[in-house]
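This report is written for a reader who is meeting the structure for the first time. Please look through the sequence and the model before reading on.

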Amino acid sequence: MKKSYIMTPGPVPISNEVLMEHGRPLMHHRSPEFSKIFIEVTDKLKKFMETENDVFILTSSGTGAMEAAVTNAFCKGDKVLVVNVGNFGERFKKMCKTFGLNLLSLDYEWGTAAKPEDIEKLLAQNPDIKGVLVQHSETSTGVINDIESIGKIVSKTPAILIVDSISGMGASELKVDEWNLDIVCGGSQKALSAPTGVAFISISKKAWGFIEKSDIPRFYFCLLSAKKYLQKNPPQTPWTPAISIIVAMNKALDMFFEEGKEQVYLRHKVNALAVQRACEKLGLELLVKNPSERGVSVTSIIVPDSIDGKLLTKTMRLKYGVTVAGGQGKLQGLIFRIGHLGYVNIFDVITAISALEFALKEQGWKFELGTGVVEAQKVFYENNYMQM
Ligand SMILES: *Cc1c(COP(=O)(O)O)cnc(C)c1O
(Lines give C-alpha, C1' and ligand atoms only; values in the text may rest on other atoms or scores of the structure.)
Protein backbone atom coordinates (compact mmCIF):
# COMPACT_ATOMS: atom_id res chain seq x y z
CA MET A 1 0.00 0.00 0.00
CA LYS A 2 1.32 3.41 -0.88
CA LYS A 3 -0.13 6.73 0.19
CA SER A 4 1.69 9.91 -0.65
CA TYR A 5 1.82 13.42 0.69
CA ILE A 6 3.18 16.34 -1.28
CA MET A 7 4.66 18.86 1.15
CA THR A 8 6.57 21.08 -1.28
CA PRO A 9 6.17 24.82 -1.95
CA GLY A 10 4.47 24.11 -5.28
CA PRO A 11 2.93 22.09 -6.61
CA VAL A 12 0.83 21.50 -3.51
CA PRO A 13 -1.90 18.99 -2.57
CA ILE A 14 -5.18 19.33 -4.48
CA SER A 15 -8.58 18.60 -2.95
CA ASN A 16 -10.84 15.92 -4.43
CA GLU A 17 -13.43 18.62 -5.17
CA VAL A 18 -10.96 20.53 -7.36
CA LEU A 19 -9.69 17.34 -9.03
CA MET A 20 -13.27 16.34 -9.93
CA GLU A 21 -13.79 19.70 -11.64
CA HIS A 22 -10.47 19.31 -13.44
CA GLY A 23 -11.72 15.97 -14.76
CA ARG A 24 -14.93 17.34 -16.29
CA PRO A 25 -15.44 16.69 -20.02
CA LEU A 26 -13.67 19.35 -22.05
CA MET A 27 -15.65 22.30 -23.36
CA HIS A 28 -14.61 24.55 -26.23
CA HIS A 29 -12.88 27.76 -25.23
CA ARG A 30 -15.06 29.94 -27.47
CA SER A 31 -18.31 28.35 -26.21
CA PRO A 32 -20.84 30.20 -24.03
CA GLU A 33 -20.46 27.43 -21.45
CA PHE A 34 -16.72 28.12 -20.98
CA SER A 35 -17.14 31.85 -21.39
CA LYS A 36 -19.35 31.95 -18.28
CA ILE A 37 -16.69 30.15 -16.23
CA PHE A 38 -13.90 32.31 -17.66
CA ILE A 39 -15.72 35.49 -16.59
CA GLU A 40 -16.39 34.05 -13.14
CA VAL A 41 -12.78 33.01 -12.60
CA THR A 42 -11.47 36.40 -13.73
CA ASP A 43 -13.83 38.16 -11.31
CA LYS A 44 -13.00 35.81 -8.46
CA LEU A 45 -9.25 36.31 -9.06
CA LYS A 46 -9.79 40.06 -8.63
CA LYS A 47 -11.50 39.42 -5.31
CA PHE A 48 -8.73 36.95 -4.37
CA MET A 49 -6.07 39.60 -5.09
CA GLU A 50 -8.18 42.43 -3.62
CA THR A 51 -8.05 44.54 -6.74
CA GLU A 52 -10.18 46.42 -9.24
CA ASN A 53 -7.26 46.37 -11.70
CA ASP A 54 -7.39 44.32 -14.89
CA VAL A 55 -6.50 40.68 -14.28
CA PHE A 56 -5.35 38.38 -17.08
CA ILE A 57 -5.19 34.62 -17.06
CA LEU A 58 -2.12 33.28 -18.89
CA THR A 59 -1.43 29.71 -19.92
CA SER A 60 1.99 29.06 -18.43
CA SER A 61 3.61 28.33 -15.12
CA GLY A 62 4.19 31.29 -12.80
CA THR A 63 7.41 32.27 -14.55
CA GLY A 64 5.32 33.21 -17.61
CA ALA A 65 3.62 35.94 -15.59
CA MET A 66 7.03 37.20 -14.43
CA GLU A 67 8.19 37.28 -18.06
CA ALA A 68 4.98 39.02 -19.15
CA ALA A 69 5.62 41.70 -16.52
CA VAL A 70 9.23 42.30 -17.61
CA THR A 71 8.58 42.27 -21.38
CA ASN A 72 5.40 44.36 -21.36
CA ALA A 73 6.28 47.09 -18.90
CA PHE A 74 9.63 48.42 -20.09
CA CYS A 75 11.65 49.75 -22.99
CA LYS A 76 15.11 48.42 -23.87
CA GLY A 77 17.73 50.05 -21.68
CA ASP A 78 15.29 51.13 -18.95
CA LYS A 79 16.82 51.18 -15.50
CA VAL A 80 15.12 48.73 -13.12
CA LEU A 81 15.80 47.76 -9.53
CA VAL A 82 15.55 44.09 -8.60
CA VAL A 83 15.24 43.51 -4.86
CA ASN A 84 16.87 40.12 -4.46
CA VAL A 85 16.47 37.94 -1.38
CA GLY A 86 16.90 34.52 -3.00
CA ASN A 87 16.64 32.32 -6.04
CA PHE A 88 13.48 33.92 -7.43
CA GLY A 89 15.08 37.35 -7.12
CA GLU A 90 17.92 35.88 -9.18
CA ARG A 91 15.32 34.80 -11.75
CA PHE A 92 14.05 38.38 -12.05
CA LYS A 93 17.66 39.55 -12.50
CA LYS A 94 18.30 37.02 -15.28
CA MET A 95 15.09 38.03 -17.04
CA CYS A 96 15.90 41.73 -16.88
CA LYS A 97 19.33 41.03 -18.37
CA THR A 98 17.87 38.75 -21.05
CA PHE A 99 15.53 41.49 -22.26
CA GLY A 100 18.17 44.23 -22.35
CA LEU A 101 17.22 46.24 -19.27
CA ASN A 102 19.71 48.28 -17.30
CA LEU A 103 19.79 46.23 -14.10
CA LEU A 104 20.45 47.60 -10.67
CA SER A 105 20.20 44.99 -7.93
CA LEU A 106 19.82 45.19 -4.21
CA ASP A 107 21.06 41.85 -2.90
CA TYR A 108 20.48 40.53 0.58
CA GLU A 109 21.88 37.50 2.32
CA TRP A 110 19.64 34.51 1.62
CA GLY A 111 17.42 33.95 4.64
CA THR A 112 16.86 37.64 5.36
CA ALA A 113 14.13 40.00 4.15
CA ALA A 114 14.49 43.24 2.19
CA LYS A 115 14.65 46.51 4.12
CA PRO A 116 12.18 49.01 2.64
CA GLU A 117 14.41 51.95 3.65
CA ASP A 118 17.21 50.62 1.41
CA ILE A 119 14.81 50.72 -1.54
CA GLU A 120 13.76 54.25 -0.61
CA LYS A 121 17.39 55.35 -0.56
CA LEU A 122 18.19 53.78 -3.94
CA LEU A 123 15.11 55.33 -5.54
CA ALA A 124 16.14 58.75 -4.25
CA GLN A 125 19.69 58.28 -5.60
CA ASN A 126 18.40 56.99 -8.96
CA PRO A 127 15.37 59.00 -9.98
CA ASP A 128 15.55 57.39 -13.44
CA ILE A 129 14.52 53.96 -12.10
CA LYS A 130 11.46 52.85 -14.09
CA GLY A 131 10.48 49.81 -12.09
CA VAL A 132 11.10 47.93 -8.85
CA LEU A 133 10.77 44.13 -8.94
CA VAL A 134 10.43 42.10 -5.78
CA GLN A 135 9.18 38.78 -4.39
CA HIS A 136 6.39 38.79 -1.80
CA SER A 137 7.23 35.32 -0.48
CA GLU A 138 10.72 34.14 -1.52
CA THR A 139 10.15 30.42 -1.88
CA SER A 140 13.84 29.44 -1.98
CA THR A 141 14.39 30.66 1.59
CA GLY A 142 10.96 31.02 3.19
CA VAL A 143 11.32 34.76 3.75
CA ILE A 144 8.40 37.16 3.46
CA ASN A 145 8.99 40.75 2.34
CA ASP A 146 7.09 43.77 3.65
CA ILE A 147 5.26 44.55 0.41
CA GLU A 148 2.91 47.05 2.03
CA SER A 149 5.83 49.32 3.04
CA ILE A 150 7.58 48.87 -0.31
CA GLY A 151 4.32 49.79 -2.06
CA LYS A 152 4.09 53.00 -0.05
CA ILE A 153 7.60 53.99 -1.08
CA VAL A 154 7.40 53.14 -4.78
CA SER A 155 3.96 54.70 -5.27
CA LYS A 156 5.43 58.13 -4.41
CA THR A 157 7.88 57.86 -7.34
CA PRO A 158 7.36 57.66 -11.12
CA ALA A 159 8.44 53.98 -11.01
CA ILE A 160 6.09 51.02 -11.05
CA LEU A 161 6.20 48.16 -8.56
CA ILE A 162 6.17 44.59 -9.86
CA VAL A 163 5.48 41.92 -7.25
CA ASP A 164 5.96 38.18 -7.63
CA SER A 165 3.41 36.97 -5.11
CA ILE A 166 3.24 33.51 -6.66
CA SER A 167 3.82 31.66 -3.39
CA GLY A 168 2.52 34.53 -1.26
CA MET A 169 -1.05 35.20 -2.32
CA GLY A 170 -3.70 32.98 -0.83
CA ALA A 171 -1.43 32.10 2.10
CA SER A 172 -0.53 35.56 3.40
CA GLU A 173 -2.42 38.82 3.19
CA LEU A 174 -2.13 40.61 -0.15
CA LYS A 175 -4.02 43.84 -0.88
CA VAL A 176 -3.12 44.85 -4.40
CA ASP A 177 -5.06 48.14 -4.49
CA GLU A 178 -4.63 49.27 -0.91
CA TRP A 179 -0.88 48.60 -1.10
CA ASN A 180 -0.47 50.31 -4.50
CA LEU A 181 0.95 47.32 -6.34
CA ASP A 182 1.14 47.96 -10.09
CA ILE A 183 1.79 44.49 -11.47
CA VAL A 184 1.26 41.35 -9.41
CA CYS A 185 1.99 37.79 -10.54
CA GLY A 186 0.26 34.64 -9.28
CA GLY A 187 0.14 30.95 -10.18
CA SER A 188 -2.45 28.17 -10.04
CA GLN A 189 -0.30 25.56 -8.29
CA LYS A 190 0.62 27.45 -5.13
CA ALA A 191 -1.75 28.44 -2.30
CA LEU A 192 -4.78 28.27 -4.59
CA SER A 193 -4.21 24.48 -4.79
CA ALA A 194 -5.22 23.95 -8.41
CA PRO A 195 -3.25 21.96 -11.00
CA THR A 196 -0.05 23.42 -12.46
CA GLY A 197 -0.09 25.42 -15.68
CA VAL A 198 -1.95 28.70 -15.23
CA ALA A 199 -0.53 32.06 -14.22
CA PHE A 200 -2.35 35.32 -13.66
CA ILE A 201 -1.32 38.92 -13.54
CA SER A 202 -2.91 42.20 -12.44
CA ILE A 203 -2.17 45.52 -14.15
CA SER A 204 -2.75 48.98 -12.63
CA LYS A 205 -3.56 52.18 -14.54
CA LYS A 206 -0.02 53.43 -13.90
CA ALA A 207 1.37 50.19 -15.36
CA TRP A 208 -0.80 50.52 -18.51
CA GLY A 209 0.94 53.81 -19.21
CA PHE A 210 4.24 51.91 -19.30
CA ILE A 211 2.83 49.01 -21.33
CA GLU A 212 1.55 51.30 -24.08
CA LYS A 213 5.08 52.67 -24.59
CA SER A 214 7.03 49.44 -24.19
CA ASP A 215 9.27 48.33 -27.09
CA ILE A 216 10.55 44.92 -25.95
CA PRO A 217 9.63 42.15 -28.42
CA ARG A 218 6.96 39.76 -27.18
CA PHE A 219 4.19 37.80 -28.80
CA TYR A 220 2.60 35.03 -26.73
CA PHE A 221 2.62 37.14 -23.56
CA CYS A 222 1.54 40.41 -25.18
CA LEU A 223 -0.80 42.05 -22.65
CA LEU A 224 -2.20 44.46 -25.24
CA SER A 225 -3.50 41.44 -27.19
CA ALA A 226 -4.79 39.93 -23.96
CA LYS A 227 -6.62 43.19 -23.21
CA LYS A 228 -8.14 43.34 -26.69
CA TYR A 229 -9.53 39.81 -26.28
CA LEU A 230 -10.74 40.44 -22.74
CA GLN A 231 -12.76 43.38 -24.04
CA LYS A 232 -14.56 41.21 -26.62
CA ASN A 233 -18.12 40.14 -25.98
CA PRO A 234 -17.94 37.59 -24.43
CA PRO A 235 -14.42 38.07 -22.95
CA GLN A 236 -11.80 35.66 -24.29
CA THR A 237 -8.08 34.95 -24.44
CA PRO A 238 -6.03 35.43 -27.63
CA TRP A 239 -4.80 31.82 -27.60
CA THR A 240 -6.34 28.55 -26.45
CA PRO A 241 -6.28 28.70 -22.66
CA ALA A 242 -5.75 25.81 -20.22
CA ILE A 243 -9.49 25.15 -20.14
CA SER A 244 -9.55 22.33 -17.57
CA ILE A 245 -7.28 24.17 -15.16
CA ILE A 246 -9.44 27.29 -15.32
CA VAL A 247 -12.50 25.14 -14.57
CA ALA A 248 -10.61 23.64 -11.62
CA MET A 249 -9.54 27.11 -10.42
CA ASN A 250 -13.19 28.15 -10.28
CA LYS A 251 -13.78 25.48 -7.64
CA ALA A 252 -10.51 26.25 -5.83
CA LEU A 253 -11.48 29.94 -5.58
CA ASP A 254 -14.93 29.01 -4.26
CA MET A 255 -13.32 26.86 -1.58
CA PHE A 256 -11.01 29.75 -0.63
CA PHE A 257 -13.95 32.11 -0.13
CA GLU A 258 -16.02 29.44 1.65
CA GLU A 259 -13.29 28.92 4.22
CA GLY A 260 -12.88 32.69 4.41
CA LYS A 261 -9.64 34.47 3.78
CA GLU A 262 -8.98 35.33 7.44
CA GLN A 263 -9.43 31.68 8.32
CA VAL A 264 -7.16 30.60 5.45
CA TYR A 265 -4.41 32.98 6.58
CA LEU A 266 -4.78 31.77 10.17
CA ARG A 267 -4.50 28.13 9.05
CA HIS A 268 -1.28 28.93 7.19
CA LYS A 269 0.11 30.83 10.17
CA VAL A 270 -0.52 27.99 12.61
CA ASN A 271 0.72 25.28 10.20
CA ALA A 272 3.94 27.24 9.64
CA LEU A 273 4.45 27.78 13.35
CA ALA A 274 3.86 24.08 14.06
CA VAL A 275 6.49 23.03 11.49
CA GLN A 276 8.97 25.63 12.72
CA ARG A 277 8.63 24.86 16.40
CA ALA A 278 8.68 21.10 15.80
CA CYS A 279 11.94 21.38 13.82
CA GLU A 280 13.56 23.55 16.48
CA LYS A 281 12.48 21.11 19.17
CA LEU A 282 14.19 18.35 17.19
CA GLY A 283 17.41 20.34 17.44
CA LEU A 284 17.34 21.56 13.86
CA GLU A 285 18.20 25.11 12.87
CA LEU A 286 15.95 27.24 10.66
CA LEU A 287 17.48 29.25 7.82
CA VAL A 288 15.45 32.39 8.58
CA LYS A 289 16.69 33.60 11.95
CA ASN A 290 14.29 36.47 12.48
CA PRO A 291 10.82 35.07 13.25
CA SER A 292 9.16 38.22 11.88
CA GLU A 293 10.82 37.59 8.49
CA ARG A 294 9.51 34.01 8.29
CA GLY A 295 6.72 33.47 5.78
CA VAL A 296 3.88 31.01 6.19
CA SER A 297 4.23 29.14 2.87
CA VAL A 298 7.44 27.20 3.33
CA THR A 299 10.04 26.52 6.03
CA SER A 300 13.73 26.15 5.20
CA ILE A 301 15.69 23.94 7.55
CA ILE A 302 19.49 23.78 7.63
CA VAL A 303 20.91 20.28 7.07
CA PRO A 304 23.15 19.50 10.09
CA ASP A 305 26.76 18.51 9.34
CA SER A 306 26.23 14.91 10.45
CA ILE A 307 23.18 14.44 8.20
CA ASP A 308 23.09 13.65 4.47
CA GLY A 309 20.38 16.03 3.26
CA LYS A 310 19.81 14.31 -0.07
CA LEU A 311 19.38 10.95 1.64
CA LEU A 312 17.04 12.52 4.21
CA THR A 313 14.59 13.86 1.63
CA LYS A 314 14.92 10.66 -0.42
CA THR A 315 14.07 8.53 2.62
CA MET A 316 11.09 10.74 3.43
CA ARG A 317 9.81 10.40 -0.12
CA LEU A 318 10.51 6.78 -0.97
CA LYS A 319 10.05 5.11 2.40
CA TYR A 320 7.38 7.30 3.99
CA GLY A 321 5.65 8.84 0.95
CA VAL A 322 6.25 12.42 2.10
CA THR A 323 7.77 14.62 -0.60
CA VAL A 324 9.61 17.70 0.64
CA ALA A 325 11.92 19.97 -1.37
CA GLY A 326 15.68 20.37 -1.32
CA GLY A 327 17.55 23.66 -1.55
CA GLN A 328 17.66 25.78 -4.70
CA GLY A 329 20.55 27.64 -6.28
CA LYS A 330 23.40 28.18 -3.86
CA LEU A 331 21.45 26.53 -1.02
CA GLN A 332 21.34 23.19 -2.84
CA GLY A 333 22.39 20.45 -0.42
CA LEU A 334 22.56 22.91 2.48
CA ILE A 335 18.87 23.10 3.37
CA PHE A 336 15.63 21.21 2.85
CA ARG A 337 12.23 22.84 2.64
CA ILE A 338 8.86 21.72 3.98
CA GLY A 339 6.01 23.34 2.08
CA HIS A 340 2.83 24.07 4.04
CA LEU A 341 0.75 26.16 1.69
CA GLY A 342 -2.57 25.47 0.09
CA TYR A 343 -4.68 22.42 0.83
CA VAL A 344 -2.66 21.43 3.93
CA ASN A 345 -4.15 20.71 7.32
CA ILE A 346 -3.08 19.84 10.84
CA PHE A 347 -2.69 16.13 10.04
CA ASP A 348 -0.60 16.73 6.92
CA VAL A 349 1.79 18.71 9.11
CA ILE A 350 1.88 16.03 11.80
CA THR A 351 2.47 13.34 9.16
CA ALA A 352 5.35 15.31 7.64
CA ILE A 353 7.02 15.88 11.02
CA SER A 354 6.57 12.23 11.87
CA ALA A 355 8.24 11.15 8.59
CA LEU A 356 11.03 13.63 9.23
CA GLU A 357 11.62 12.10 12.66
CA PHE A 358 11.88 8.55 11.24
CA ALA A 359 14.27 9.70 8.51
CA LEU A 360 16.42 11.59 11.04
CA LYS A 361 16.54 8.55 13.34
CA GLU A 362 17.82 6.42 10.49
CA GLN A 363 20.83 8.70 10.23
CA GLY A 364 21.54 8.61 13.95
CA TRP A 365 20.26 12.06 14.89
CA LYS A 366 19.81 12.12 18.68
CA PHE A 367 16.33 12.89 20.01
CA GLU A 368 13.40 11.09 21.53
CA LEU A 369 10.96 9.82 18.92
CA GLY A 370 7.77 11.89 18.96
CA THR A 371 9.42 15.10 20.21
CA GLY A 372 8.58 17.06 17.07
CA VAL A 373 5.11 15.60 16.75
CA VAL A 374 4.26 16.54 20.34
CA GLU A 375 5.55 20.07 19.78
CA ALA A 376 3.44 20.44 16.62
CA GLN A 377 0.38 19.20 18.51
CA LYS A 378 1.08 21.74 21.25
CA VAL A 379 1.19 24.56 18.73
CA PHE A 380 -2.20 23.55 17.33
CA TYR A 381 -3.60 23.15 20.83
CA GLU A 382 -2.21 26.43 22.18
CA ASN A 383 -3.58 28.30 19.18
CA ASN A 384 -6.92 26.56 19.61
CA TYR A 385 -6.60 25.31 16.05
CA MET A 386 -7.48 21.62 16.07
CA GLN A 387 -9.44 21.67 12.82
CA MET A 388 -9.58 19.25 9.95
C1 LIG B 1 6.72 28.88 -7.83
C2 LIG B 1 7.27 30.24 -7.92
C3 LIG B 1 7.45 30.89 -9.15
C4 LIG B 1 7.08 30.29 -10.46
O5 LIG B 1 7.64 29.12 -10.75
P6 LIG B 1 7.02 28.21 -11.91
O7 LIG B 1 7.78 26.96 -11.77
O8 LIG B 1 7.27 28.92 -13.18
O9 LIG B 1 5.54 28.10 -11.62
C10 LIG B 1 7.93 32.17 -9.14
N11 LIG B 1 8.20 32.82 -8.01
C12 LIG B 1 8.02 32.25 -6.81
C13 LIG B 1 8.33 33.04 -5.58
C14 LIG B 1 7.55 30.95 -6.73
O15 LIG B 1 7.35 30.37 -5.54
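This is a predicted model: local features need pLDDT of at least 70, side-chain atom pairs count only at pLDDT 80 or more; totals for chains, interfaces and linings use all residues.

Residues are numbered from 1 along each chain as its sequence is written, and side-chain values use heavy atoms, with hydrogens and water left out.

**The ligand and its surroundings**

The ligand is surrounded by 13 residues, of which the closest are Ser61, Thr63, Thr139, Asp164 and Lys190; a residue is near a molecule if one of its heavy atoms lies within 4 Å of it. Sorted by class, this shell holds 3 nonpolar, 7 polar and 3 charged residues, where Ala, Val, Leu, Ile, Met, Phe, Trp, Tyr, Cys and Pro count as nonpolar, Asp, Glu, Lys and Arg as charged, and the others, Gly among them, as polar. Helix H3 (62–73) and helix H4 (87–98) each supply at least two residues of the shell, and the largest share, 3 residues, comes from H3; helices (H or I, at least four residues) and strands (E, at least two) are DSSP runs, numbered from the N terminus.

| Residue | Ligand atom | Distance |
|---|---|---|
| Thr63 | oxygen | 2.4 Å |
| Asp164 | nitrogen | 2.6 Å |
| Lys190 | oxygen | 2.7 Å |

On its own the ligand has 380 Å² of accessible area, and the protein covers 87% of that, as computed by the Shrake-Rupley method with a 1.4 Å probe.

**Strand S10**

Strand S10 (residues 198–203) is largely enclosed by the rest of the structure, because 6 of its 6 residues are buried, that is, under 20% relative accessible area with a 1.4 Å probe, counting protein chains only. Val198, Phe200 and Ser202 point one way from S10, whereas Ala199, Ile201 and Ile203 point the other way. In a regular strand the side chains alternate between the two faces of the sheet.

Strand S2 (residues 54–59) runs antiparallel to S10 and is joined to it by 6 bridges, with Ile57 standing opposite Phe200. Strand S9 (residues 183–187) also pairs with S10 in the antiparallel sense, over 5 bridges, and there Gly187 has Ala199 as its bridge partner; two strands pair if DSSP finds at least two bridges between them.

**The cysteines**

A search of the whole structure finds 0 disulfides, a disulfide being a pair of cysteine sulfur atoms within 2.5 Å. Cys185 is in none, and the nearest cysteine sulfur, that of Cys96, is 11 Å away; Cys185 is buried, at 0% relative accessibility. The sulfur of Cys222 lies 13 Å from the closest cysteine sulfur, in Cys75, which is too far for a bond, and Cys222 is buried with a relative accessible area of 13%.

Conventions. A polar contact is a pair of N or O atoms within 3.5 Å; within protein, one must be able to donate a hydrogen and the other to accept it, and residues adjacent in sequence count only if both atoms are side-chain atoms. Buried means under 20% relative accessible area, exposed over 50%, partly exposed in between (1.4 Å probe, protein chains only).
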